[in-house]
Amino acid sequence: MRFFIDTANIEQIKEAHDLGILDGVTTNPSLMAKEGISGKENITNHYKAICDIVDGPVSAEVIATDVEGMIREGEELAQIAPNIVIKIPMTKDGIKAIRYFSQKGIPTNCTLVFSSGQALIAAKAGATFLSPFVGRIDDINWDGVALIREIAELYAVQGFNTEILAASVRNSRHIVQSALAGADIVTCPLPSILGLLKHPLTDIGLAKFLADHKKSNA
Ligand code: E4P
């Protein structure tokens, strides 16, 4: 099980990296905008800064929606650092671009995935990673984790190598459920990662251990 952080915030990436458990980063245009990063040069420099912190895969999303534009943008993004992964939306042109990059050996992350049919065609096109959006499916009163489970079964039955990167994770429980459902990777906001550490009985137990130690060493 690998952990990616889903943010473009440098401080949060550093904090997760310092925990020693961070395997990669995913970003998207909304997350870049949230950090106030705009303009080609700033965006490129921001990806460079992220890749300086993290050795693992860093997903950088294309903005173009036509295959030629996606390929042009993706090739430029791939020049930024060897660990850049080209993040491409699940569209007809997106599938063509994923196929192109797959044949060139450039890693891709197929994003905005909401069904097993989409997962099937992305794997067939040669996507390196597949991002089903768990939280956004739950938002419409459907079952995001069930989708992860179905895709995991589908990929196992068919022997696809595309890795399932559970995305749109909203809480720590989503992480555990996605892991149980067969996700290879979970990408999540920092609070969801840190939430895994927490249990009130741990805090109570530690306070008691320390109090007992203090008493017998007074
Ligand atoms: C990751 O690849 C996605 O961009 C991200 O997880 C979306 O999360 P959200 O649904 O919380 O915006």
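How do the residues of the lining of the largest pocket divide into nonpolar, polar and charged? They divide into 7 nonpolar, 11 polar and 6 charged. Here Ala, Val, Leu, Ile, Met, Phe, Trp, Tyr, Cys and Pro count as nonpolar, Asp, Glu, Lys and Arg as charged, and the others, Gly among them, as polar.

This is a predicted model, in which local features need pLDDT of at least 70, side-chain atom pairs count only at pLDDT 80 or more, and totals for chains, interfaces and linings use all residues. Residues are numbered from 1 along each chain as its sequence is written, and side-chain values use heavy atoms, with hydrogens and water left out.

**First stop: the largest pocket**

Select Asp6, Asn28, Leu31, Ser168 and Pro189, which lie nearest the centre of the largest pocket among its 24 lining residues. A pocket is an open set of points on a 1 Å grid over the protein atoms alone, where a 1.4 Å probe fits, with protein on both sides within 12 Å along at least five of seven lines; lining residues have an atom within 4 Å of a point. The space in this pocket is about 410 Å³, a volume being the space filled by probe spheres set on the points.

Next, colour helix H2 (29–34) and strand S5 (108–113), each of which supplies at least two residues of this lining. The largest share, 3 residues, comes from H2. Helices (H or I, at least four residues) and strands (E, at least two) are DSSP runs, numbered from the N terminus.

**Second stop: the ligand**

Now display the ligand, which takes the space of the largest pocket. Select Asp6, Asn28, Lys87, Phe133, Arg136, Ala167, Ser168 and Arg170, which surround the ligand, each with a heavy atom within 4 Å of it. By class, this shell has 2 nonpolar, 2 polar and 4 charged residues.

An N or O atom in the side chain of Asp6 is 2.5 Å from an oxygen atom of the ligand. For Lys87, the corresponding distance is 2.6 Å. A polar side-chain atom of Arg170 lies 3.0 Å from a ligand oxygen atom.

Finally, move to the second largest pocket, which holds about 310 Å³ of space. Select Ile43, Tyr47, Ile63, Glu73 and Leu77, the closest to its centre of the 15 lining residues. The largest share of this lining, 4 residues, comes from H3.

Conventions: Polar contact = N/O pair within 3.5 Å; in protein donor to acceptor, adjacent residues only side chain to side chain. Sits in = over half its atoms within 2 Å of the grid points.
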